[in-house]
Amino acid sequence: MADIITVSSQKGGVGKTTLALNLALTLAEMEHKTLLMDLDPQGGIGLSLNKGDNELMGFVEYLVGNTKIEEVIITSHVPTLDILPRGRLDPVNVTDYEQHISKGKILEELFQQIADSYDYIIIDTPPGLGSITKAAIISTHFVLIPFQTEFLSLRSISQILRVIDNVRENLNPTIRLLGILPVMVEKDKPSSWAILNELNLGFQGLFDIMIPRSKVFLEASAKGIPINFLGGGRRPEAHHFELLAYEIKRRINQFNSKEDTGDEQEERKLL
């Protein structure tokens, strides 16, 4: 049974799609059967993989009843990674798309069909706190929040935390905040560290690992591939996603009580 993670942010431009893509690939390369699902009307996953806006069939075709879900899930060149693109969506129909997702239990019914086939399902949502993001939070297990180290993010992060709390209280009592992940961190700027310190003091769930701002993400985006697929030497940024994946697995095990998390141990002596 899959652990389903919604990647969501109260604001755009924080690298949410880049995070979802590279995290899903990392989990898959750890031999976890993983599905990367694109709910964003902009189709960010497809665009990130250098696919045309209407090139890939996907969730839209399933949503309108034109196809079965297994016919639009794509098996990538990594055998353990499948991708469910947004599908073909005319921009003039985005409002209808949002309304279709937010009504009824469409996402819950979909996950009931496919959850047994995966270890993890990673969902990329649109930026902001609209109906699609809320529908995803209602229907999934965990929310992962990418947090750009700037003061606007710090001032507004309470908005998405409020949505999660509201969903937990009224609609999905099992939803959990998986964590707040600092992204686009500029380690040479004191302001980044000042913001991280305020975030750590004011909010719970901050990951120790952080994703730095790096030109490697622009290079990978230009070529339409994850950073791990770039030629040449292995990029150090890929190691950040490995550490993130391990931390996510540990946190989920704690929430699910699947196994001993290793947080407690007997006292020992070295000599």
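Me: What percentage of the 271 residues in the protein do buried residues make up?
Reply: This is a predicted model. Buried here means under 20% relative accessible area. Of the 271 residues, the buried share is 51%.

Me: How many helices and strands does the protein have, and what is its radius of gyration?
Reply: The fold holds 10 helices and 7 strands. For 271 residues the globule rule gives 18 Å. The protein comes close to that value, so it is as compact as a globular protein of that length. Its radius of gyration is 19 Å.

Me: What box do the C-alpha atoms fill, taken along the principal axes?
Reply: The box is taken along the principal axes of the protein. Its dimensions are roughly 65 × 45 × 40 Å.

Me: Among contacts between residues at least 6 apart in sequence, what percentage join residues at least 24 apart?
Reply: Contact means heavy atoms within 4.5 Å. Take the pairs at least 6 apart in sequence; those at least 24 apart account for 78%.

Me: How is H4 oriented relative to H6?
Reply: H4 spans residues 94–102 and H6 spans residues 131–139. Their axes lie 9 Å apart, at an angle of about 25°. Angles under 35 degrees count as roughly parallel. That makes the pair roughly parallel.

Me: Which residues of H6 make the contact with H4, and in which crossing do the helices pass?
Reply: The crossing is left-handed. H4 brings Tyr-97, Glu-98, Ile-101 and Ser-102. By class, the contact has 4 nonpolar, 2 polar and 1 charged residues. From H6 come Ser-131, Ile-132 and Ala-135.

Definitions and conventions. Residues are numbered from 1 along each chain as its sequence is written. This is a predicted model: local features need pLDDT of at least 70, side-chain atom pairs count only at pLDDT 80 or more; totals for chains, interfaces and linings use all residues. Side-chain values use heavy atoms; hydrogens and water are left out. Axes are lines fitted to C-alpha atoms, for helices over the stretch in contact, and angles run from 0 to 180 degrees between N-to-C directions. Helices (H or I, at least four residues) and strands (E, at least two) are DSSP runs, numbered from the N terminus. Angles under 35 degrees count as roughly parallel, over 145 as roughly antiparallel, 65 to 115 as roughly perpendicular and the rest as oblique. A crossing is left-handed if the near helix is turned anticlockwise from the far one by less than a right angle, and right-handed if clockwise. Ala, Val, Leu, Ile, Met, Phe, Trp, Tyr, Cys and Pro count as nonpolar, Asp, Glu, Lys and Arg as charged, and the others, Gly among them, as polar. The radius of gyration is taken over C-alpha atoms; the globule rule is 2.2 Å times the number of residues to the power 0.38. Buried means under 20% relative accessible area, exposed over 50%, partly exposed in between (1.4 Å probe, protein chains only).
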